[in-house]
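The sequence and structure come first.

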Amino acid sequence: MSNPTPARGRGRGRPIAPARLDDFLLNLAETADVATAAELSGLCRSSLYRLRKARPAFLKRWDEALHLGTERLQDTAMRHVLQGVERPVWYAGRQVGTATQHDHRLLQFLLKAHRPEIYDRDRAAPAAPPFDLIKRMAAAEKRMAVYEKPAKKPAAKKERRRG
């Protein structure tokens, strides 16, 4: 088991216990926010940044946790785009129902991030010349023909008699 790290916590002079560092990394993976993760773990951000700079192994774990947190945020954003978010509908001061609201600006942002060649004007590739649909269809038919051919049965081997 590893020894407590030499980085100092809020109590100045006390090493940060590995369990508290693990707690910080779990919180970082959940929130993707260093300040929030540090606060939830009861640790000082500056101590964590010093430890990150001094220990390559901790830096690697930090980066992995931050990556997981960012992936989680992206998954949440995608879910909000695809499924929407239920919002209350009010009439005359009373809630009369709910409506699903889709975030179209978030959709636009995600499309620019994932398909910049199409949706980001600054990074878009020059427009391709129109493709020849007839040629593409002919090529597709050739590929499909390979899959549609009945499988050939192997020829039966004749037994030779030795005499």
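Asn27 is buried, at a relative accessible area of 12%; here buried means under 20% relative accessible area, exposed over 50%, and partly exposed in between, with a 1.4 Å probe and protein chains only. The residue lies in helix H1, which spans residues 18–31; helices (H or I, at least four residues) are DSSP runs numbered from the N terminus. Apart from neighbours within four places in sequence, Asn27 is in contact with Ala32, Ala37, Leu40 and Ser41, where contact means heavy atoms within 4.5 Å.

The model is predicted: local features need pLDDT of at least 70, side-chain atom pairs count only at pLDDT 80 or more, and totals for chains, interfaces and linings use all residues. Residues are numbered from 1 along each chain as its sequence is written, and side-chain values use heavy atoms, with hydrogens and water left out.

**Aromatic pairs**

A pair of aromatic rings is described by the distance of the centres and the angle of the planes. Rings of Phe, Tyr and Trp (its six-membered ring) pair if their centres lie within 6.5 Å; planes under 30 degrees apart count as stacked, over 60 as edge-to-face, and the rest as tilted. The count by this rule is 4 aromatic pairs. In one of them, the ring centres of Tyr49 and Trp62 are 5.1 Å apart and the planes are at 50°, so the pair is tilted. Tyr49 belongs to helix H3 (residues 45–54) and Trp62 to helix H4 (residues 56–83), so this pair ties together parts 13 residues apart in sequence. Tyr49 is partly exposed, with a relative accessible area of 39%, whereas Trp62 is buried, at 1%.

Trp62 also pairs with Phe58: this pair is edge-to-face, with 5.8 Å centre to centre and 90° between the planes. Both residues lie in helix H4, 4 residues apart, or about one turn of the helix. Phe58 counts as buried at 7% relative accessibility. Phe24, Tyr49, Phe58 and Trp62 form one aromatic cluster.

**Salt bridges**

A salt bridge is a side-chain nitrogen of Lys or Arg within 4 Å of a carboxyl oxygen of Asp or Glu. The whole structure has 3 salt bridges, tabulated here.

| Salt bridge | N to O distance |
|---|---|
| Asp22 and Arg61 | 2.6 Å |
| Asp63 and Arg52 | 3.2 Å |
| Glu64 and Lys60 | 3.9 Å |

What does the bridge between Asp22 and Arg61 tie together? Asp22 lies in helix H1 and Arg61 in helix H4, so the pair connects parts that are 39 residues apart in sequence. Asp22 is partly exposed at 33% relative accessible area, and Arg61 is partly exposed at 38%.

Asp63 lies in helix H4 and Arg52 in helix H3, so their bridge ties together parts 11 residues apart in sequence. Asp63 is partly exposed, with a relative accessible area of 37%, and Arg52 counts as partly exposed at 26%.

Glu64 and Lys60 are 4 residues apart in helix H4, a separation of about one helical turn. Glu64 is partly exposed at 42% relative accessible area, while Lys60 counts as exposed at 54%.

Methods: Helices (H or I, at least four residues) and strands (E, at least two) are DSSP runs, numbered from the N terminus.
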